[in-house]
Amino acid sequence: MIIDTHHHFWKYNLEEFGWIPEDWKNIQRDFLPSDLEEAMRSAGVDGVISVQARQTLAETRWLLELADKHAFIQGVVGWVPLASPSLRDELDLHAANKKLRGVRHVVQGESDPEFLLRPAFEAGIRALREYGLAYDILIFEHQLEQAIRFVDRHPEQLFIVDHIAKPKIAEGLLEPWSKWFRALGQRENVACKLSGMVTEADPKNWAPESLAPYFDVALEAFGPQRLLYGTDWPVCLAGVSYNHWLATVRAALKDLSEPEQSAIFAGNAKKYYSL
């Protein structure tokens with residue numbers, strides 16, 4: 001069984017998706033469930049987790065509506081206003097839908113280096129446990145030290161790191177990412193997605209060999225029991241097809257046992273997102 005724990009849907013417009021580089025024209029269009037279903041069926045993927053791309057409650061509602069209509073969407077990682085006094089009202093409303101399995105904020109886009117440690121934001125994180133929701137950590141490598149301090153202040157909350165914390169793969173740099181990433185992996189309440197790596201490399205000229213050291217560190221830091229498979233579709237299409245990314249991850253994990261591979265490709269998704 002294979003569960004893709006990280007993908008997005010969107011109806012493309014320049015205002016909301018201006019972060020897409022000009023040379024990634026192939027993803028400057030709509031991507032909807034019919035597009036993903038075709039790709040996942042071709043790759044033999046059984047289910048997916050849909051992750052927010054816009055920081056609006058409308059986005060969360062839309063993803064939940066899509067999940068209700070399409071059984072292959074097994075869960076949603078949405079956005080809610082974690083620092084707002086209205087948070088619990090929004091959680092009461094949206095978490096009533098059991099397809100909501102996690103929450104994410106685009107911390108990588110925040111200029112404040114201490115954003116994760118803001119009191120109001122942390123109060124929101126503490127509320128997530130009451131609703132059984134995971135929190136997806138989306139950061140760049142330079143935010144890892146802050147993320148460790150943040151995680152240490154919430155030892156009972158489940159965290160899932162997106163895109164192996166975005167190391168500088170294009171520059172071939174392992175440090176200081178490896179140092180801080182391994183330290184984060186020592187926290188047992190943190191898991192990590194094997195996703196988003198091609199777009200941190202050179203999407204047009206990457207090779208599996210350039211990703212291998214990062215796969216190795218991820219396996220050493222988190223182990224097979226705390227790693228989850230994800231594609232970051234359709235963003236990944238800037239440099240790799242849906243099927244090719246699956247083949248790349250399979251090759252990187254070929255020396256693991258069958259139970260270890262099964263955990264990464266499906267079992268851990270069920271465990272950490274309570275599917």
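This is a predicted model: local features need pLDDT of at least 70, side-chain atom pairs count only at pLDDT 80 or more; totals for chains, interfaces and linings use all residues.
Residues are numbered from 1 along each chain as its sequence is written. Local features need pLDDT of at least 70, side-chain atom pairs count only at pLDDT 80 or more, totals for chains, interfaces and linings use all residues, and side-chain values use heavy atoms, without hydrogens or water. Helices (H or I, at least four residues) and strands (E, at least two) are DSSP runs, numbered from the N terminus.

**Loop between S6 and H6**

Pro176 sits in the loop between strand S6 (159-161) and H6. A cis peptide bond links Glu175 to Pro176, with omega about 5°. Buried means under 20% relative accessible area, with exposed over 50% and partly exposed in between (1.4 Å probe, protein chains only).

| Residue | Phi | Relative accessibility |
|---|---|---|
| His163 | near 55° | 4%, buried |
| Lys166 | near 50° | 13%, buried |

**Asn189**

Asn189 belongs to the loop between helix H6 (177-185) and strand S7 (190-194). Asn189 counts as buried because its relative accessibility is 15%. Beyond neighbours within four places in sequence, Asn189 is in contact (heavy atoms within 4.5 Å) with Val151, His154, Pro155, Gln157, Leu158 and Phe159. Its side chain reaches the backbone oxygen of His154 at 3.2 Å.

**Helix H9**

H9 (residues 258-272) has 15 residues. H9 bends by about 55° at Ile264; the bend is the angle between axes fitted to the seven residues ending there and the seven starting there. Buried residues of H9 include Ile264, Phe265 and Tyr272. Just after H9, Ser274 has a positive phi of about 50°.

How values were computed
A polar contact is a pair of N or O atoms within 3.5 Å; within protein, one must be able to donate a hydrogen and the other to accept it, and residues adjacent in sequence count only if both atoms are side-chain atoms. The expected span of a helix is 1.5 Å times one less than its number of residues.
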